[in-house]
Amino acid sequence: MPVADDAGGAGSVPSGRGWSAGVPGEAHPALAAAASAALEAYTAATAEHDRATLAAVVADGADGTPTMRIDVLVENAILAALARHPVNVLTEETGWVDHGSALTLVMDPVDGSANAAAGVPLAAFSAAVAEDGVFTEALTVWLDTGRSWWAKAGVPSPLRTTGRTELAGAAVSLLRPHPANPGAAAAWWEVARRAARVRILSTSCLEGALVAQGATDAFADAATDTHRLVDIAASVVLAEAAGGAVRDVFGRPIGLDTDLTRRWSGVVAATPDLADELAAVLHDAYQAGRA
């Protein structure tokens, strides 16, 4: 876990492999404060509450989906920490918080809530900073380990993707298949047929960071329109800083939008060529499966 410095922030130890142990000191103060609060709240919540308590649905989020207690505990801690940082916030449960700032923090306090509540150590805090609507900085933190991935547009990054340019033989992470949706099922299985390896980790933000790190070649939502902006905003910055690219299966641009009911089928890949091919394969298989 990160160790607080004298200023109340968190120090980090670079790994030499594109990720750090702890919250990087270079991060925007609001981004660092949010990540540090998420780590502390997540650690306390998982230590103090049992699985049933953490998994209990206590509200509906701003996007209309159920909110677990683990989500509320972490998000409330983050919002309290951000009180000293008057940036706008777009967050999964509360939604849009407008402070009239040119900066907006787009964040998912606990990506992989079901994993977190069940005790599966695959959950992440993830956020991107948007300046006048453009994503400029991002930080994803693996909540169970403190490992973090940070990047800022225009700043050299140690993150490097695998550089793979073709789907054939690639290692790809996917959201779970949806057999009741013929188009989406066809898209999922077409990628599984072409790839060398498929993983399902159930945490989009962490999977996107692993693409940027070079631990896997690509990650995608197989045409189910599951991704909200909070699920993929950080990957836009992280992947591009590492040489990769982010696409939408249906060609929709991914940009700042305060409407959390809007959805994408995100593709995060090691190179623009692989991102384009993967999006095209998913799109074509989806259309064929619906015919």
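So, who lines the largest pocket in this predicted model? By class, the lining has five nonpolar, 10 polar and nine charged residues. The space inside comes to about 710 Å³. There are 24 lining residues, and the closest to the pocket's centre are Asp111, Gly112, Ser202, Thr226 and Arg228.

Arg228 sits in a network of salt bridges with Glu92 and Asp231.

Next, Arg252. Asp225 is in the loop between β13 (218–220) and α7 (229–241), while Arg252 is in the loop between β14 (245–248) and β15 (266–269), so the pair ties together parts 27 residues apart in sequence. Both ends are partly exposed: Asp225 at 26% relative accessible area, and Arg252 at 24%. Arg252 also forms a salt bridge with Asp248, at 2.8 Å between the closest N and O atoms. Asp248 is buried, at 5%.

Last one, and it's within a helix. Arg193 and Glu190 form a salt bridge, with their closest N and O atoms 2.6 Å apart. They're three residues apart in helix α5 (residues 182–194), so about one helical turn separates them. Buried or exposed, then, for Arg193? Exposed, at 58% relative accessibility. Glu190, on the other hand, counts as buried, at 18%.

Notes:
Residues numbered from 1 in each chain as written. Predicted model: local features only at pLDDT ≥ 70, side-chain atom pairs only at ≥ 80, totals over all residues. Heavy atoms only, no water. 1 Å grid on protein atoms, 1.4 Å probe; cavity = no way out; pocket = protein on both sides within 12 Å on 5 of 7 lines; lining within 4 Å. Points joined across faces, edges and corners; volume = space filled by probe spheres on them. Nonpolar A, V, L, I, M, F, W, Y, C, P; charged D, E, K, R; others polar. Salt bridge = Lys/Arg side-chain N within 4 Å of Asp/Glu carboxyl O. Helix = DSSP H or I, 4+ residues; strand = E, 2+ residues; numbered from the N terminus. Buried < 20%, exposed > 50% of the residue type's maximum accessible area, 1.4 Å probe, protein only.
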